[in-house]
Amino acid sequence: MPELPEVETVRRTLEPRIKNKKIDSVSVYYAPLIKTHTAQEFNQILVGRTVQSIDRIGKYLLFNFEEYTLISHLRMEGKYYIKPLDSTISKHEHLRFNLNDGTCLAYNDVRKFGTFDLKLNTELYQTLPLSKLGLEPFNPAFDEYYLKQKFMHKKQAIKPALLDQTIVLGLGNIYVDEVLFCAKLHPEKKAHTIGLKRLKNIVQCSQVVLHKAIDLGGSSIRTYTDSLGVTGRFQNQLNVHMQLGKPCPLCDTPIMKIKVSGRGTYYCKKCQSKR
Ligand SMILES: [Zn+2]
């Protein structure tokens with residue numbers, strides 16, 4: 001599943017290719033992906049509009065069209081491709097934004113879990129899905145005091161608490177495992193019992209882990225040709241996630257796997273303390 005660094009990589013790859021291009025029409029092959037409008041309304045609103053920029057908040061891509069913003073979430077398998085207008089429509093292609101330069105931006109999604117919300121800018125942050133989001137680790141307000149306040153009444157483990165997008169925006173299963181390894185915290189430690197000093201570690205580790213992943217994603221952009229994918233490029237750089245049985249990079253103890261709140265969780269039992 002794409003996480004914040006992969007979505008940022010998609011954003012950086014797409015933006016220069018479609019910025020200032022105009023939408024001639026939208027072809028909708030699977031309308032339920034569009035949460036706010038019918039396929040016909042969606043097309044009517046977007047036709048003739050120019051892509052001003054692409055932003056990102058957490059794992060949401062925001063395509064800016066003058067007074068409208070299209071919010072795209074890739075969920076499990078969503079991918080964008082830039083293709084010639086006359087190319088054949090592939091099996092899992094559900095939307096095509098036909099552009100005025102002879103190309104189209106095609107949205108491909110094997111599992112159809114991705115979402116599109118088209119919003120007026122005036123309602124963008126007042127309505128779901130953006131109204132309930134927590135802070136990104138890069139936000140200056142994301143500090144140990146913010147986490148302390150958010151965790152105060154959380155009797156749950158730190159792992160699901162960090163996965164909660166109303167608290168931290170953009171950390172998913174892979175990066176939470178990496179952040180907890182970096183901060184030397186056991187994934188089952190109760191969130192409300194963690195002191196300020198260790199919360200500060202979590203803040204710093206979140207930034208370090210995400211920066212590193214974004215840098216790696218950035219470096220792989222050069223290998224793109226005309227298609228944009230977001231699969232597992234960071235796996236070689238992970239310390240604990242998906243590393244079951246491999247030696248811990250710090251102490252050589254084999255990495256363990258457990259379930260925490262139903263999510264497969266990797267950690268080093270020696271380095272990551274429950275105390
Ligand atoms: Zn270790």
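Predicted model: local features only at pLDDT ≥ 70, side-chain atom pairs only at ≥ 80, totals over all residues.
Biologist: Okay, zinc: which arrangement do the four donor atoms make?

Modeller: Donors are N, O and S atoms within 2.8 Å of the metal (3.2 Å for Na, K and Ca), and water is not among the atoms, so sites may look incomplete. Here the protein donors are the SG atoms of Cys248, Cys251, Cys268 and Cys271, 2.2 to 2.4 Å from the zinc ion. Four donors count as tetrahedral if all angles lie between 85 and 135 degrees. The angles around this zinc ion run from 100 to 113°, so the arrangement is tetrahedral.

Biologist: And how are those donor residues spaced in sequence?

Modeller: Cys251 and Cys268 sit 17 residues apart, Cys251 in the loop between strand 9 (227-228) and strand 10 (256-260), Cys268 in the segment after strand 11 (263-267). Strands here are DSSP E runs of at least two residues, and helices are H or I runs of at least four, numbered from the N terminus. The donor spacing reads C-x2-C-x16-C-x2-C.

Biologist: Is Cys251 buried or partly exposed?

Modeller: Buried means under 20% relative accessible area, exposed over 50%, partly exposed in between (1.4 Å probe, protein chains only). Cys268 has 0% and is buried, and Cys271 at 14% is buried too. Cys251 has 22% relative accessibility, so Cys251 counts as partly exposed.

Biologist: Which cysteines does the disulfide join?

Modeller: A disulfide is a pair of cysteine sulfur atoms within 2.5 Å, and the structure holds one. The S to S distance is 2.1 Å, and the pair is Cys182 and Cys205.

Biologist: What handedness does that link have, and which helices hold its ends?

Modeller: The angle about the S-S bond is -75°, giving the link of Cys182 and Cys205 a left-handed form. The two cysteines are 23 residues apart and tie together distant parts of the chain: Cys182 in helix 5 (residues 173-182) and Cys205 in helix 6 (residues 196-220).

Biologist: How many residues of helix 5 are buried?

Modeller: Cys182 is partly exposed, at 34% relative accessibility. The buried residues of helix 5 include Asn173, Tyr175 and Phe181. Helix 5 is mostly covered, and of its 10 residues the buried number is nine.

Biologist: How much space lies in the largest cavity?

Modeller: On a 1 Å grid over the protein atoms alone, a cavity is a set of points where a 1.4 Å probe fits but cannot get out, and lining residues have an atom within 4 Å of a point. Grid points are joined across faces, edges and corners, and a volume is the space filled by probe spheres set on the points. The search finds one cavity of 30 Å³ or more, and its space is about 50 Å³.

Biologist: Which strands each supply at least two residues of its lining?

Modeller: Among the lining residues are Ile18, Phe63, Phe65, Phe97 and Leu99. The strands in question are strand 3 (60-65) and strand 6 (93-99).

Notes: Residues numbered from 1 in each chain as written. Heavy atoms only, no water. 1 Å grid on protein atoms, 1.4 Å probe; cavity = no way out; pocket = protein on both sides within 12 Å on 5 of 7 lines; lining within 4 Å. Tetrahedral: all angles 85-135°; square planar, octahedral: opposite > 155°, others 65-115°.
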